[in-house]
Amino acid sequence: MSNSKSKVSKPHAFRDKLLLNQWLISLFGIDPLAEHSMQGKKVRPFRLLAEPIKDPSLEGLDHDNIHRFFHAFVNSNLFWEQECVLSKEQLLLYETNIVSHTQAINEKRRQKIVWKYFQWLNLLFVEIYLDCYFNNREQLLADLNTYVDRFNRHWEGYRNIPSYSEADLNKLCLQSATGSGKTLLMHANLLQYRHYANKYGKGKDLSRVILLTPNERLSAQHISELEQSNIFAGRFIRGGLHGLESVDVLEITKLSDQEGPNTLETRSLGDRNLLLVDEGHRGMSGKEEGVWFSRRSQLCARGFVFEYSATFEQAVAAAKRADFEDSYAKTVIFDYSYRWFYEEGFGKDYRIMNLPKTFDETRVIYLTACLLMYYQQLRVYQERNLDFADFNLEKPLWVFVGSTVSSAKGSKDEVLVATDVAKIIEFIAGFLANQEAVCQRINEIIAGRGQDTGLIDNNGNDIFVDAFSFLASKMNTGENAHDIYKDILCRLFNNDAGGILTLERTKGDSGEVLLKAGNASSAFGLISVGDAKGLCDHVAQIASQKNLPMTVQDSEFSQVIFQSVRDSASPINLLIGSKKFIEGWDCWRVSTMGLMHVGKSEGAQ
C-alpha cells in the first residue's frame with residue numbers, strides 16, 4: 001500500500017471556466033484556451049473578438065437598417081482568416097432578428113435604445129444559442145461536451161468540470177455590471193425566445209412567462225419598463241395562462257410549499273414556464289434563500305430560464321457549493337462584469353482612501369469634501385447643461401446607502417447604520433448653522449491644503465489633490481469661500497437664506513423623512529427607511545444630548561415621493577436609505593455615493 005498522499009486537483013477561478021461563453025467564442029475561430037495578444041499585451045479571447053466593433057462611432061443603424069457593428073464585425077480580418085464555424089450569411093440572419101427586436105422595443109419609446117458593442121454581442125450570443133437549442137438540441141449537447149472534454153484535458157491537474165446534461169441546456173445566465181442595461185437585454189431576450197420557439201413550432205409548449213423579482217417595488221418598476229418596451233405585462237393573477245404573449249410579474253417571496261392568502265404553492269404553477277429572474281444571484285446561500293433557489297428551479301424544470309445578475313461570480317463564491325459553481329460555469333452565456341465595464345470607461349470613478357487618523361477625527365472635514373464633490377458636479381451640470389445634452393445626463397443626486405436603516409434598537413447592523421445616519425444629519429445641521437467654520441474648511445479643501453485639513457494619505461499626500469479644479473477656477477476668477485457657501489445653500493439646500501435643519505416625518509407608514517433648510521418650501525433631502533419613527537426618535541435624542549441646531553417633527557404631508565426622486569425635475573438632492581437602492585433601483589441621477597457598512601466582506605453586494 002502506498003503511503004503517498006492523493007493528489008488534490010486545483011480549482012479553477014470562476015471567470016476562467018465559463019464554458020458556454022468560451023464555446024460560443026470558439027465558433028468565431030478564436031481558441032479560448034490559447035494565449036492571445038494585441039500590441040504586445042496579453043488579452044482575453046473576448047477582447048480579440050470585440051476589438052473590431054469597440055469604436056463608439058459604430059453604434060446605431062446604417063441606411064439599410066443594419067447595425068454598423070455588423071459590417072465592421074464580419075469584415076474584420078482578426079478572425080475570418082481563422083476557422084470560423086459561422087458564415088456571414090448566417091450572422092446576417094441573426095443581425096436581422098436583433099434589428100427587428102430592437103425596433104419592436106423602441107416603437108413606443110421617446111428615447112430610442114442604441115446598443116453598445118457589448119450589448120450587441122450579448123444579443124448575438126443569445127441568437128446563436130437559441131437557434132442551436134431549438135433546431136437540434138442533441139447536436140448542441142454533443143458540441144458542448146466535446147468542448148468540456150477538451151477544456152478538461154487542457155487544464156490537466158485542475159478539477160474536472162462535469163459534462164453537460166439535458167437539464168443544463170434550458171438555462172442562460174447573463175452576468176453584466178450594474179448600469180450595463182440588463183433590463184433592456186431581458187426584454188430583447190424575451191422576444192428572441194418567442195421568435196425561435198415559434199419558428200421551430202414550440203410556441204405553445206410553455207404555459208406562461210414569469211418574471212421573478214425580489215420585492216413589490218421592483219415588480220412595479222419592471223411592469224412599467226416592459227410597457228415602455230411594448231411588451232404586455234402585469235402582476236401575477238391566479239388562473240391566467242397567456243403562453244409567451246405576456247409577462248406575469250411575481251415576487252420570489254410569494255412562492256411557498258402551500259397555498260395561502262399571500263402566498264402561492266409553487267407546484268400549482270407547473271414546471272413548463274419561461275422564467276426571467278431578476279437579481280439571479282439571490283437564492284444561492286442561506287437557509288431561506290436556498291429554498292428560494294429550489295422553488296424557482298421547480299418552475300422551469302421542463303421550461304426555460306434567463307437569469308440576470310451583476311455578481312454571479314461573487315454569489316457562487318459565497319455559496320461555497322461546487323454544484324452551484326459548476327452549474328453557473330456551464331450556463332453563463334456572457335460575462336461583462338464590473339471589472340470590464342469600468343475598464344472601458346462605462347463605470348463610475350472611485351477613490352479608495354486610507355486615512356491615517358480615525359474617522360471621528362476627520363469626519364466633518366471629510367464630509368465637507370464629499371459635499372463639495374457633489375456640489376461641483378451639480379454646478380457643472382447646471383452651468384454647462386447644453387454642452388452635455390447629447391449624453392442624456394440627468395441632474396446629479398447625492399446618495400448614502402446603508403446595509404439596513406432602521407431605529408437604533410435592532411441588530412448590530414441596524415444600530416451601526418442608524419448611528420451613521422445620525423452622524424450625516426449632525427454634519428448637515430452644523431453645515432447650515434456654522435457659516436464661518438464651514439467657509440474656512442471650504443478654503444482649505446479647494447486650495448488643496450491637506451496638511452491643514454488632515455485629509456492626507458499614508459505618504460503625506462493630499463487625498464483630494466486636483467479633485468476640485470472647477471471650483472478652484474471659480475475662486476481664481478473672483479469668487480471666495482463665502483460666495484461658494486451661499487451658492488451651495490441655493491443649489492443644494494433650496495434656500496439661499498439657509499436656516500436650521502428640519503426633519504419632517506411624513507404622515508402614515510411611508511417610511512419617509514423630509515429634510516428642509518430653514519423655511520424653504522421644498523425639501524432638499526429624503527430619508528427612506530423601514531422605521532421612520534424609530535429613526536427620528538433616535539436622531540431627536542442625539543440632537544437633545546448634543547444641543548444640535550435642528551428640529552425633528554411630524555409633517556401633515558402624506559404623499560410618498562421616493563419614486564419621483566429619479567426625475568431630474570425633483571428638488572431632492574440628497575437621498576439616504578437602505579440597500580434597496582442596490583437591487584435594481586432605476587435612477588440615472590446618482591453621481592456621488594457614500595456607503596455605510598455595505599460591502600465589508602465579499603458577496604453579492
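**Helices H11 and H12.** I looked up how H11 and H12 run in this predicted model, and they are roughly antiparallel to each other, a term for angles over 145 degrees. H11 covers residues 312–319 and H12 residues 322–329; they pack at about 160°, with axes 8 Å apart. I took axes as lines fitted to C-alpha atoms over the stretch in contact, with angles from 0 to 180 degrees between N-to-C directions. On the H11 side, Phe312, Val316 and Ala319 make the contact, and on the H12 side Phe324, Glu325 and Tyr328 (contact: heavy atoms within 4.5 Å). I noted that the residues of this contact comprise five nonpolar, no polar and one charged.

**Basis.** Residues are numbered from 1 along each chain as its sequence is written, and side-chain values use heavy atoms, without hydrogens and water. Local features need pLDDT of at least 70 and side-chain atom pairs 80 or more, whereas totals for chains, interfaces and linings use all residues.

**Cysteines.** I searched for disulfides, meaning pairs of cysteine sulfur atoms within 2.5 Å, and the count is zero. For Cys300, the closest cysteine sulfur is that of Cys173 at 10.0 Å, too far for a bond. I recorded Cys300 as buried at 8% relative accessibility, and Cys490 as partly exposed at 43% (buried is under 20% relative accessible area, exposed over 50%, partly exposed in between; 1.4 Å probe, protein chains only).

**Whole chain.** I found 20 helices and 18 strands, taken as DSSP runs (H or I, at least four residues; E, at least two) and numbered from the N terminus. Of the 605 residues, 53% count as buried. Among contacts with a separation of 6 or more, 72% join residues 24 or more positions apart.

Note on methods. Parallel < 35°, antiparallel > 145°, perpendicular 65-115°, else oblique. Nonpolar A, V, L, I, M, F, W, Y, C, P; charged D, E, K, R; others polar.
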